[in-house]
Amino acid sequence: MIGLISALTIGLLLLVVLVVFALGQGSTARGNHSISEFPGDPRHSGELEVCPPELVARIFSREDWALILQTHSPCLERLFLQERKRIALLWVRQTSRDIRQVMRSHTEAAKRAADIHFRTELSLFLMYIELLLMCETLLLLITTVGPPRLERIASYVHELARQISYAHEAFARSSAGAATEIPTSP
Amino acid sequence: MNTRNSHETYAGFELVPVRDVYEDLLRRTLSKISSDLARLIFIASTRDYNTGTYHHEGLASRFSPEKASEALELAHTEIFKQLAAYSLAALVEEIEIYACASRESAATIVRTWQILEPYRVAVPLQLNPTIGHVFVSNIRLALAILRHRQNPEVVDPSAASRLQLPGQ
């Protein structure tokens, strides 16, 4: 009985990983089509610039939606939802793409690192899986429900992305520090 | 604060941190401009579209052309990020203040901006593209709100393609 439960748990975990991987591939493919109009992307030089939280709040803002509703103009309402959906989808795809890039760098750094904390790595990986799932959910919700109702979930996704990014930066810094401490042979 | 005697000089210019140049720009020039949107447009207008570098005679003569350019770039990015996070209500107000300070009527400015979208050139070069998209989208929405307020009977206040340029 215990064997069966263990097998089921492992199977379920593998399924989740497979689903996330498949979803991730889909996002990457979609994301690559949205070429930016603004070429000066500092992240092209390897530096990750996370969107400020107030900007994420603005994209999903209820306050702006309330202002539009006050105009009683169906055209303005349509324009607002169209614009905010476009921007929100762009942000989610960019976040998902950026965090995949961060995790790729992290995997590379972890391969070279001498000292790895299994629990920390596992919790980082679980956060990553959660973030990818949340991004896919958010993409679905943006197109169905609309951005003005998703401010909380968006700020949660932003916070998760920020935490993963910071965890990787801390790991990279400590690895670099450890590397400089290794004595070089004469 | 007197920084004149506390810094070394190189080729006749003081070696001061960019932050100091930026503070000088804020104090002497930007503080005299009436709104954040007008400040953004002013800073963006100091940028050479061919090279992406910024030029400001007064600042360059006080510090150095390179420091002036760096400070202007910093100011540009900071003010742009602030404006991108503005609420639509605040952005509408910014456009109104900008229109009041100019010699043209608000209706003319709104119509022209909807057609030409000149605010697109105000996007800094080194920036997370999402911030640029948010700014452009929000200005577009703010203009549509203003146009609706100016003329509530307009069926589609965002329709720029059907509008005519002023004077046509």
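Residues are numbered from 1 along each chain as its sequence is written, and chains are lettered from A and ligands numbered from 1 in the order in which they are written. Because the model is predicted, local features need pLDDT of at least 70 and side-chain atom pairs count only at pLDDT 80 or more, while totals for chains, interfaces and linings use all residues.

Chain A has six helices and zero strands, where helices (H or I, at least four residues) and strands (E, at least two) are DSSP runs numbered from the N terminus. Its order along the sequence is accordingly α-α-α-α-α-α. Of its 186 residues, 24% count as buried; a residue is buried if 20 or more other C-beta atoms lie within 10 Å of its own, exposed if 12 or fewer, and partly exposed in between, with C-beta atoms placed from the backbone. Among contacts in chain A between residues at least 6 apart in sequence, 86% join residues at least 24 apart, a contact being a pair of residues whose C-beta atoms, placed from the backbone, lie within 7 Å.

Helix 5 of chain A covers residues 118-144, and its 27 residues should span 39 Å at 1.5 Å a residue, which agrees with the 39 Å between its end C-alpha atoms; the expected span is 1.5 Å times one less than the number of residues. The buried residues of this helix are Y128(A), L131(A), L132(A), C135(A), L138(A) and I142(A). Just after helix 5 of chain A, G146(A) takes a positive phi of about 100°.

Elsewhere in chain A, V50(A) sits in the loop between helix 1 (2-33) and helix 2. With 19 other C-beta atoms within 10 Å, V50(A) is partly exposed. When residues up to four places away in sequence are left aside, V50(A) touches A161(A), R162(A) and S165(A), and its C-alpha atom is separated by 8.2 Å from that of T95(A), 45 residues apart along the chain.

Chain B contains seven helices and two strands, in the order β-β-α-α-α-α-α-α-α along the sequence. Buried residues make up 39% of its 168 residues. Of the contacts in chain B with a separation of 6 or more, 69% are between residues 24 or more positions apart.

The contact between the chains takes 27 residues from chain A and 28 residues from chain B. On the side of chain A that touches chain B, the elements giving two or more residues are helix 2 (53-59), helix 3 (62-70) and helix 4 (74-112), and the largest share, nine residues, comes from helix 4 of chain A.

Helix 4 of chain A packs with helix 7 of chain B at an angle of about 175°, their axes lying 10 Å apart; axes are lines fitted to C-alpha atoms, for helices over the stretch in contact, and angles run from 0 to 180 degrees between N-to-C directions. The two helices are therefore roughly antiparallel to each other, a term used for angles over 145 degrees. Among the residues that make this contact are L76(A), F80(A) and W91(A) of helix 4 of chain A and V134(B), L141(B) and H148(B) of helix 7 of chain B.

P157(B) lies in the segment after helix 7 of chain B and is buried, with 25 other C-beta atoms within 10 Å. Not counting residues up to four places away in sequence, P157(B) touches S73(A), C75(A) and L76(A) as well as A144(B), R147(B) and H148(B).

Note on methods
Two residues are in contact if their C-beta atoms, placed from the backbone, lie within 7 Å. Angles under 35 degrees count as roughly parallel, over 145 as roughly antiparallel, 65 to 115 as roughly perpendicular and the rest as oblique.
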